[in-house]
Amino acid sequence: VQLQASGGGLVHVGGSLRLSCAASGRRFDFNFMGWYRQAPGKQREYVAGLTLGGSTSYGGSVKGRFTISRDTAKTTLYLQMNSLRPEDTAVYYCNIITVSGNYWGQGTLVTVSS
């Protein structure tokens, strides 16, 4: 499974971005799909996740501002980010866990300017 993340960029405080993560390769059923981020000098942190059953969860700092979703074919994962803050600046990574393994995308940079 290969993951290609996109949608990052430069945005002003209060703005919005939508990240996408396209999965390709052999057919798979995922157990978990999620987004993580890593800011300069900090550890990677959990942003949002989506289970096979449709349950979602969010890191505390993004609750109410970010929304995770996927397309019906289950091949593309999205992260809608609203009300962006400077502290949201980071490289965002998508992650998919299937029965065959744990896969990561290459990361997409989000920069929020004040």
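1. T76 counts as buried, since its relative accessibility is 15% (buried is under 20% relative accessible area, exposed over 50%, partly exposed in between, with a 1.4 Å probe and protein chains only). T76 belongs to strand β8 (strands are DSSP runs of E, at least two residues, numbered from the N terminus). Beyond its neighbours within four places in sequence, T76 is in contact with S20, C21, A22, S69, R70 and D71 (heavy atoms within 4.5 Å).

2. This is a predicted model, in which local features need pLDDT of at least 70 and side-chain atom pairs pLDDT 80 or more, while totals for chains, interfaces and linings use all residues. Residues are numbered from 1 along each chain as its sequence is written, and side-chain values use heavy atoms, without hydrogens and water.

3. An open antiparallel sheet is built from four strands in the order β1-β3-β8-β7 (two strands pair if DSSP finds at least two bridges between them). β1 (2–6) and β7 (66–70) are the edges; each has a single partner strand, so one side of each lacks a neighbour in the sheet. Five bridges join β7 to the antiparallel β8 (residues 76–81), and I68 stands opposite L79 in β8.

4. F32, Y36, Y46 and W104 make up one aromatic cluster (ring centres within 6.5 Å, using the six-membered ring of Trp; planes under 30 degrees apart are stacked, over 60 edge-to-face, the rest tilted). The Y36 and Y46 rings are edge-to-face because their planes stand at 70°, with centres 5.4 Å apart. Y46 is partly exposed at 28% relative accessible area.

5. Two arginines have the charged end over a ring: R18 over Y78, 3.9 Å from its centre, and R44 over W104, 4.7 Å from its centre (CZ of Arg or NZ of Lys within 6 Å of the ring centre and within 35 degrees of the ring normal).
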